[in-house]
Amino acid sequence: MVFTPRPPVVGRLRGHWQLAVDVALGAATAALFVLSGTTVATPLAVAQLLPLVGRRRFPAVVLIVVGCATAAHTALGMARAVGFFPATIALYTAATHGSRAVRWVLCPTVGLVMAAASAVRHGPVEGLLMAVVTVTVAWLAGVERGEHLRQRTEAASHRSEAARQRSEAARQRAEAERQRAQAARLRLERRIAEQEIAAAEDRERLARRVHDTLAHSVTVMLLQTEALRATTSLDPAGERRLDVVLHAGREALAEVRAALADGAERDPAALLAARLETLRGAGLRLAGRPPDLGELLPAPIRAVADRLVGEAATNALRHDGPGTLLTITTASDDSRLFLRITTEPGGSGGGRSPRGTAGFGLRSLSQDITAYGGELTYGPVAPSGWRIEATFPLSDTSVTDPSAGRRHTPGRQTSPSRVDHGAAVR
């Protein structure tokens, strides 16, 4: 759409069009007075024409001045056809006024004055009757116009009030919706808080039960072992076995108390080293030195990997017995670390106890590794032994605590290049 700029004169007249109309109307009426020879007395003619410029601002005053001048001019012999024209304009304008006194008292009074002057000059029929008809038509037209304007104003006011009420109703609905949403949010927060409190109470109750049960059982085992040492003469090998049992029991008590305490957790790498040392003393064989996963994995993922190695080592000794060989190898590409743990039972008879399905430890670790974006597989290998394979992401940019309940994007399933780190531990 192309907008054509208005000329400056048109722009100025647009804001004062009523004044322009009044001036033009007064000029046309003055021309009629001059051309028709209506004027009998110039001052009275000026009194009839000049006030019309301010008829919109001062309708009552203009009506009185123009009406009285018209009556006086008529009494002096002014022609009625053109001479009454200024008075009808003033009467029409005053009749549209909002004041009832102006509409219903002043307008008829001025009309009667002009009709009486016309009757004195021109008689009852051509003077009085014609003046009454002319004045009445102008007066009633003005009243009708004023009523129409007032109705339009009231309608506009009603529409504005209705729009305001609709806006207020919409605001109240939005406020009610906001309050409902806030109430729902508060209910949800209260329900979550109650669930968290209940879960915390359950965890605390479970922690007390675990602590009481394990502490009692392990303490009894330690006391019985100490009693066995004090009452029985053992060879050096038996003494070493008792030392391993006592050390393992004391470490188990320390780990249980540390896990259930409110303090900071112990270093997973230190826990893993202590566990492997204890298991080695109980008869587990390690193929070389375990890899340092702290140099390969971020801290939260490394803790899970250390737990996995410790769980695999414990299961190997428990199920396959002393002399079991534990082999840990790692490989990596640009985004993942591959960890493989294999066990080979010592002796020709294989493991001393069948494994069956995986226990709670491996299932729990599988959930944690999956939550971190990795994968865990495990199972027996022929002719005997066990193999565990895990995949870990090398970056922790998308890692969050698995307890938050969020799943993470798994690593890629293809490995364009692998760097084997197993030579040092094989």
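Analyst: A polar contact is a pair of N or O atoms within 3.5 Å; within protein, one atom must be able to donate a hydrogen and the other to accept it, and residues adjacent in sequence count only if both atoms are side-chain atoms. The model is predicted, so local features need pLDDT of at least 70 and side-chain atom pairs pLDDT 80 or more, while totals for chains, interfaces and linings use all residues. Residues are numbered from 1 along each chain as its sequence is written, and side-chain values use heavy atoms, without hydrogens or water.

The side chain to examine is that of T93. This residue belongs to helix α6, which covers residues 85-95; helices (H or I, at least four residues) and strands (E, at least two) are DSSP runs, numbered from the N terminus. From T93, the side chain reaches back to the backbone oxygen of I89, at 2.9 Å. Is T93 buried or exposed? T93 counts as buried because its relative accessibility is 9%, where buried means under 20%, exposed over 50%, and partly exposed in between (1.4 Å probe, protein chains only). When residues up to four places away in sequence are set aside, T93 touches R55, R56 and P59, a contact being heavy atoms within 4.5 Å.

The wider setting may now be considered. The protein has twelve helices and six strands. Among the contacts with a separation of 6 or more, 69% join residues 24 or more positions apart. One example of distance along the chain set against distance in space is R257 with A207: they are 50 residues apart in sequence, yet their C-alpha atoms lie 9.8 Å from each other. R257 is located in helix α9, residues 236-260, and counts as partly exposed because its relative accessible area is 48%. L19, in helix α2 (residues 17-36), is likewise classed as partly exposed because its relative accessibility is 47%.

Side chains of opposite charge can pair when their charged atoms come close. A salt bridge requires a side-chain nitrogen of Lys or Arg within 4 Å of a carboxyl oxygen of Asp or Glu, and the structure holds 14 of them. One joins E147 to R150, with N and O at 3.3 Å. Both of these residues lie in helix α8 (residues 124-231), three residues apart, or about one turn of the helix. E147 is partly exposed because its relative accessible area is 34%, and R150 falls in that class because its relative accessibility is 21%.

Helix α8 also contains the pair R178 and E175, and because they are three residues apart, about one helical turn separates them. Their closest N and O atoms are 2.6 Å apart, in a salt bridge. R178 counts as partly exposed because its relative accessibility is 42%, and E175 does so because its value is 28%.

Elsewhere, salt bridges that share partners connect R340, R387 and E389 in one network.

One peptide bond also deserves attention. The bond from A382 to P383 is cis, with omega near -5°, and P383 sits in the loop between β4 (375-380) and β5.

Finally, confidence must be read alongside these details. The pLDDT, the predictor's confidence in each residue from 0 to 100, has a mean of 79 for the protein, and 83% of the residues reach 70 or more. Which strand has the highest confidence, and which the lowest? Confidence is highest in strand β5 (residues 386-393), at a mean of 93, and lowest in strand β6 (residues 419-420), at 39. Over residues 348-353 pLDDT stays under 50, and the model has twelve contacts beyond four places in sequence for that stretch. Over residues 397-426 pLDDT also stays under 50, and the model has 62 such contacts there.
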